[in-house]
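Got your viewer open and ready? Here's a walk through the model, one selection at a time.

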Amino acid sequence: MRTIPLSEITKNIKEMCIEANYTLTPDMDCALKHAKETEKSPLGRQILSQLQDNLQIAGEDDIPICQDTGMAVIFMEIGQEVHFEGGVLEDAINEGVRQGYVEGYLRKSVVGDPCIRENTKDNTPAVIHYEIKAGDQVRITVAPKGFGSENMSRVFMLKPADGMEGVKNAVLTAVKDAGPNACPPMVVGVGIGGTFEKCALMAKKALTRPVDERSEIPYVREMEEELLQKINATGIGPGGLGGSTTALAVNINTYPTHIAGLPVGINICCHVNRHSVRTI
Amino acid sequence: MERHMQAPFSEQDALSLKAGDYVYITGTVYTARDAAHKRMQETLAAGGELPIELTGNIIYYMGPSPAREGRPIGSAGPTTASRMDKYTPQLLDLGLKGMIGKGKRSEEVKAAIVRNKAVYFAAVGGAGALLSKSILQSEVVAYDDLGTEAIRRLEVKDFPVIVIIDSEGNDLYEMAANAVCDSAENSGV
């Protein structure tokens with residue numbers, strides 16, 4: 001058994017909320033730079049060049065990359081040999097979010113009740129997903145999610161007869177409907193299989209996979225590559241103003257499913273695809 | 001075409017702007033997003049006065065991140081305009097001349113833009129750090145309790161936007177995607 005004080009969880013989550021909102025991960029940074037070189041439309045190149053300037057200003061002047069600093073989505077992968085000490089884990093996580101958003105000059109974008117809609121003023125609560133793993137470590141992923149792109153995300157409960165073609169059409173439909181609203185160039189997270197909620201969760205987690213890393217399953221890898229090419233052929237382009245860079249990557253995760261179903265979750269993320277990962 | 005423009009602006013200015021024009025705005029614009037629009041609509045329904053003058057003015061759909069000490073504003077990019085579609089035709093009919101946001105608008109909004117000879121601009125979504133550099137001053141003028149969703153008066157200088165829907169109803173998003181698709185078809189891709 002390994003004991004971890006909850007103050008350490010709070011401290012890390014606070015730092016990770018700030019880090020994720022001020023700097024992109026190297027794979028995203030690299031993909032955006034590369035897009036600027038390969039984009040075919042002059043206006044598209046101009047938009048991608050502004051996004052480069054934006055990232056530079058965010059880093060140098062301590063301004064969040066985007067004003068929508070998101071709702072904090074947190075994946076906690078907890079080794080079953082770990083024992084937390086000093087309170088309740090969920091409270092410690094939310095305290096980290098509170099400190100990060102208040103001290104990091106991040107926008108408070110959370111309302112306490114979806115219908116009454118009063119701002120909680122500290123961006124809590126986070127949306128937390130727990131997984132119990134082997135070992136004595138804790139892997140934390142903080143992925144602040146903006147809602148311009150979240151609002152354009154979809155779940156399709158397809159029929160088995162729809163097959164792979166049906167899955168591809170569902171992804172393309174979601175991307176075309178999203179268009180300029182989702183702040184392209186986007187990253188498309190897809191979850192195929194499982195149940196209604198499982199496919200959505202897989203799609204969300206797929207967004208945290210590096211954009212230059214393809215699936216290990218051969219047919220999934222092919223689907224990722226084919227869909228990326230088809231999405232970029234839609235012409236939506238950077239900012240939705242036309243061009244050959246509509247998405248930077250399609251990341252697909254799969255899971256076994258029921259004989260009667262083929263659930264597909266599509267979680268779209270803007271070019272500010274933020275996440276910070278740490279292992280404690 | 002690249003243009004420089006003052007805000008607020010006249011009908012004549014609006015008529016001269018065409019979808020696809022790249023415009024640098026200098027002057028005063030107001031911010032309002034979901035909650036402020038809802039409250040303005042409720043105020044109008046109750047027969048009240050709006051807290052800002054609409055005639056000739058621009059509303060920027062934006063809720064900033066907090067400003068650090070000594071700075072006018074934090075990150076300040078556009079939010080998705082379609083969420084305001086429900087409220088927009090009424091504001092245009094009352095004199096609103098321009099909107100800055102990102103993303104598609106409804107047919108009802110397009111019709112109201114044409115009817116009132118107004119303009120819908122987009123700023124680059126997700127470039128909030130860059131756009132903040134064109135904002136010189138920011139002051140909350142109404143609905144302070146809404147936090148980031150309060151109505152702010154901004155003084156901007158050369159704030160970069162693109163005309164998406166012009167006063168004739170031309171829509172750049174439709175034009176841009178069609179152009180790329182056409183060229184792809186012609187080149188046999």
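Before counting anything: helices (H or I, at least four residues) and strands (E, at least two) are taken here as DSSP runs, numbered from the N terminus. Keep in mind that this is a predicted model.

**Stop 1: chain B as a whole**

Select chain B and switch to cartoon. How many helices and strands make up its secondary structure? Chain B comes to six helices and seven strands. Along the principal axes, its C-alpha atoms fill a box of roughly 55 × 40 × 30 Å.

Now color by burial: buried residues account for 49% of the 189 residues in chain B. As for contacts in chain B between residues at least 6 apart in sequence, 62% of them join residues at least 24 apart.

**Stop 2: helix 2 of chain B**

Select residues 34-45 of chain B, which form helix 2. This helix has 12 residues and reaches 17 Å from its first C-alpha to its last, close to the 16 Å expected at 1.5 Å a residue. Which of its residues are buried? They are A35(B), A36(B), H37(B), R39(B) and M40(B). Then step past the end of the helix to G47(B), where phi is positive, near 80°.

**Stop 3: where the chains meet**

Bring chain A back. The contact between the chains takes 41 residues from chain A and 36 residues from chain B. On the chain A side, helix 3 (residues 42-61) gives the most, with eight residues. By class, that side of chain A has 17 nonpolar, 17 polar and seven charged residues.

Zoom in on helix 3 of chain A. Its 20 residues reach 28 Å from first C-alpha to last, close to the 28 Å expected at 1.5 Å a residue. Buried residues in this helix include G44(A), I47(A), L48(A), L51(A) and N54(A). What do the buried residues of helix 3 pack against? Show helix 1 (6-22) and helix 2 (26-38) of chain A, together with helix 5 (128-132) of chain B. Just after helix 3, D62(A) takes a positive phi of about 55°.

**Stop 4: the two domains of chain A**

Color chain A by domain: domain 1 is 2-20 + 65-145, and domain 2 is 148-275. Their C-alpha centres lie 25 Å apart. The contact between them takes 13 residues from domain 1 and 10 residues from domain 2. On the domain 1 side, strand 5 of chain A gives the largest share, five residues. The residues on that side divide into eight nonpolar, three polar and two charged.

**Stop 5: the core**

Finish with the largest nonpolar core, which has 130 residues. C17(A), V188(A), V190(A), F121(B) and I164(B) touch the most other members. Strand 7 (residues 151-165) of chain B gives the most to this core, with nine residues. Domain 1 and domain 2 of chain A both give residues to the core, so it lies between them.

For a last click, pick V188(A). Leaving aside neighbours within four places in sequence, its contacts include V171(A), V175(A), I231(A) and A247(A).

Methods
Residues numbered from 1 in each chain as written. Chains lettered and ligands numbered in written order. Predicted model: local features only at pLDDT ≥ 70, side-chain atom pairs only at ≥ 80, totals over all residues. Contact = placed C-beta atoms within 7 Å. Nonpolar A, V, L, I, M, F, W, Y, C, P; charged D, E, K, R; others polar. Expected span 1.5 Å × (residues − 1). Buried ≥ 20, exposed ≤ 12 C-beta atoms within 10 Å, placed from the backbone. Domains from an automatic or database assignment. Core = buried A, V, L, I, M, F, W, Y, C linked by C-beta atoms within 7 Å.
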